[in-house]
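Dear colleague,

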Amino acid sequence: MSEQLAGQEAALARIQAHLESAKERVLIGIIGKPGAGKSTLSKFLMSKLPKEFVTVVPMDGYHLSNKVLKDLKRADRKGAPDTFDVSGFVSLIKRIRAEQKQNIYYPIFDRAIEESIAAQGVVTSATKVVIIEGNYLLHDEGGWEVVNDLLDESWMVDVDDDKRIARLISRHIAFGKEPEAAKAWAKGTDEVNAQLIERGRNRANFVVAID
């Protein structure tokens, strides 16, 4: 069962403790439903932590391309567990853990173009804590089930669902969807994915409650 970790300041203190005491690189997963605030939490942490020692690696860089999704007839479910290169993502995590004396590059998802850009992010050899951010780090099917064992800690971000869905709708509108289409996607595809993510809550080490 997960244990409550109250708020962003407690999360920050936990990473600071790892920086002071860990002898090897620490991997922390931040998991949450679409719109829960994973990126918000990551940005807060990075604003307070030494960037030369802490890196955020978002799972979203491993989205399959729009062309591949269209070919696989999954474009209308973009964001679902089977719309990512799971094997590639798992290989990255294994490298981050095993190859600590060299720089490791990874792709970043660009919401403006809805595609990933290769080798835009880097985990340097100086990195002591890696925050891995994504929806399906606690998912138990389709190749995702190996991810949790590669993490030292997994944190589930908790937020009021009404606030989360409203935030999602606004995000979709900001990136080009019409209001009705944004609402339909947030309450359709996104909500199906949210229920899958919720199933993994009891496998999280901690719950981070943010407003």
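Predicted model: local features only at pLDDT ≥ 70, side-chain atom pairs only at ≥ 80, totals over all residues.

Aromatic rings and charges over them

A search of the whole structure gives 5 aromatic pairs. One of them is formed by Phe84 and Trp144, whose ring centres are 5.8 Å apart and whose planes stand at 80 degrees, so the pair is edge-to-face. This pair joins distant parts of the chain, since Phe84 belongs to the loop between helix 3 (66-71) and helix 4 (86-98), whereas Trp144 belongs to the loop between strand 6 (129-133) and helix 5 (147-150), 60 residues apart. Phe84 and Trp144 are both buried. Ring pairs also link Tyr62, Phe84, Phe89, Tyr136 and Trp144 into a cluster.

Two lysines are placed over aromatic rings. The charged end of Lys128 sits over the ring of Phe53, at 4.6 Å from its centre, and Lys177 lies over the face of Trp185, 4.7 Å from the ring centre.

Helix 6

Which residues of helix 6 are buried? They are Arg164, Ile165, Leu168, Ile169 and His172. These residues cover an arc of only 135 degrees around the axis, which puts them on the same side of helix 6. An α-helix has 3.6 residues a turn, so residues three or four places apart point the same way. The face of helix 6 turned away from the buried side carries Asp162 and Ala174, which are exposed, while the buried residues of helix 6 pack against helix 7 (179-187) and helix 8 (189-198).

Both ends of this helix have a detail to look at. At the start of helix 6, a side-chain oxygen of Asp160 comes to within 3.1 Å of the backbone nitrogen of Asp162. Gly176, which follows helix 6, has a positive phi near 115 degrees.

Val159 is placed in the loop between strand 7 (153-158) and helix 6, and with a relative accessible area of 13% Val159 is buried. Not counting residues up to four places away in sequence, Val159 touches Ala36, Arg164, Arg167 and Ile210; Arg164 is one of the buried residues of helix 6. Although Val159 and Ala209 are 50 residues apart in sequence, their C-alpha atoms are 6.3 Å apart in space.

Helix 8

The buried residues of helix 8 are Thr189, Asp190, Glu191, Asn193, Ala194 and Ile197, and what covers them includes strand 2 (26-31), strand 7, helix 6 and helix 7.

Two of these residues can be followed individually. Asn193 counts as buried at 3% relative accessibility, and, leaving aside neighbours within four places in sequence, Asn193 is in contact with Gly79, Ala80, Pro81 and Tyr136; Tyr136 in turn is one of the residues in the aromatic cluster. Ala194 counts as buried at 0% relative accessibility, and its contacts, with the neighbours within four places again left aside, are Lys33, Pro34 and Arg164. The C-alpha atoms of Ala194 and Pro179, which are 15 residues apart along the chain, are separated by 20 Å.

Ala119, another residue other than glycine, has a positive phi near 55 degrees. Ala119 is found in strand 5 (residues 115-123) and is partly exposed, with a relative accessible area of 49%.

Definitions and conventions. Residues numbered from 1 in each chain as written. Heavy atoms only, no water. Phe/Tyr/Trp six-rings, centres within 6.5 Å; stacked < 30°, edge-to-face > 60°. Helix = DSSP H or I, 4+ residues; strand = E, 2+ residues; numbered from the N terminus. Buried < 20%, exposed > 50% of the residue type's maximum accessible area, 1.4 Å probe, protein only. Lys NZ or Arg CZ within 6 Å of the ring centre and 35° of its normal. Arc of directions from axis to C-beta. Contact = heavy atoms within 4.5 Å. Polar contact = N/O pair within 3.5 Å; in protein donor to acceptor, adjacent residues only side chain to side chain.
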